[in-house]
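Morning, everyone. I will talk about aromatic rings today, so please look at the model first.

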Amino acid sequence: MKSIVAALMALAISAPAAFAGEIADHAAEAEKALQAGDGVGALEKFRSAEEALWQAMPLAVQNVKQVDSAGGFGIYSERANHIYKPGEKVVLYMEPVGYGYGSDGLGNSQIALSVDLTVLSDTGEALGTFEKIGSVQVASRSHNRELFFKLDLSLDGLPAGKYKCNFLMHDQNSTKTAPVSTDIEIAG
């Protein structure tokens with residue numbers, strides 16, 4: 001009887017580890033390396049966990065901001081409001097995550113993203129859809145995770161009023177897409 005209880009306890013303890021998956025396995029290896037005093041090895045194992053997570057996750061866009069300027073990842077000046085003068089450019093800062101990596105043919109990994117836009121009136125009427133209004137391509141020897149996407153929009157011709165801008169980001173290296181929305185107002 002004791003052997004059955006011991007076997008069940010062993011199964012109960014080991015079951016979460018057995019079903020944890022690749023991400024948790026790499027993270028556990030990172031923890032072991034760190035406990036052994038191997039910080040560089042721990043970071044390498046942790047990056048393997050991050051890579052597995054990145055490949056499994058959907059494309060998403062975080063930290064979407066209307067900005068006055070953007071010069072790099074996390075380097076932007078957020079706009080005070082969402083009200084624009086007629087003809088004024090709308091500048092968006094976005095941080096995509098979960099994108100795939102292709103090859104540039106020169107031994108580099110390549111990130112390639114594009115964005116479509118649909119402009120809606122304040123009543124929800126679609127006023128127009130514009131495909132591939134912006135794109136970014138980055139070639140690197142590593143799988144960069146800190147990427148920003150700056151989009152300059154010219155919405156000339158829109159009359160005064162409130163609008164919703166619905167974006168659809170496309171990963172050119174996979175079939176992943178991610179929706180993003182922001183509201184703007186054209187002053188009268």
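What follows covers the ring pairs and then the charges over rings.

This is a predicted model, where local features need pLDDT of at least 70, side-chain atom pairs count only at pLDDT 80 or more, and totals for chains, interfaces and linings use all residues. Residues are numbered from 1 along each chain as its sequence is written, and side-chain values use heavy atoms, with hydrogens and water left out.

Searching the whole structure gives 4 aromatic pairs. Rings of Phe, Tyr and Trp (its six-membered ring) pair if their centres lie within 6.5 Å; planes under 30 degrees apart are stacked, over 60 edge-to-face, and the rest tilted.

One of them is W54 with Y99: the centres are 5.0 Å apart and the planes at 80 degrees, so this pair is edge-to-face. W54 sits in helix α3, residues 39–56, and Y99 in the loop between β4 (90–97) and β5 (102–103), 45 residues apart. Helices (H or I, at least four residues) and strands (E, at least two) are DSSP runs, numbered from the N terminus.

Are these residues buried or exposed? W54 is buried at 7% relative accessible area, and Y99 is buried at 1%. Buried means under 20%, exposed over 50%, partly exposed in between, with a 1.4 Å probe and protein chains only. Ring pairs also join W54, Y99 and Y101 in a cluster.

Next, Y76 and Y93: centres 4.4 Å apart, planes at 35 degrees, so tilted. Y76 is partly exposed at 28%, while Y93 is buried at 0%.

Finally, charges. R145 lies over the face of W54, 4.6 Å from the ring centre, and R79 over that of Y84, at 3.8 Å. The criterion is NZ of Lys or CZ of Arg within 6 Å of the ring centre and within 35 degrees of the ring normal.
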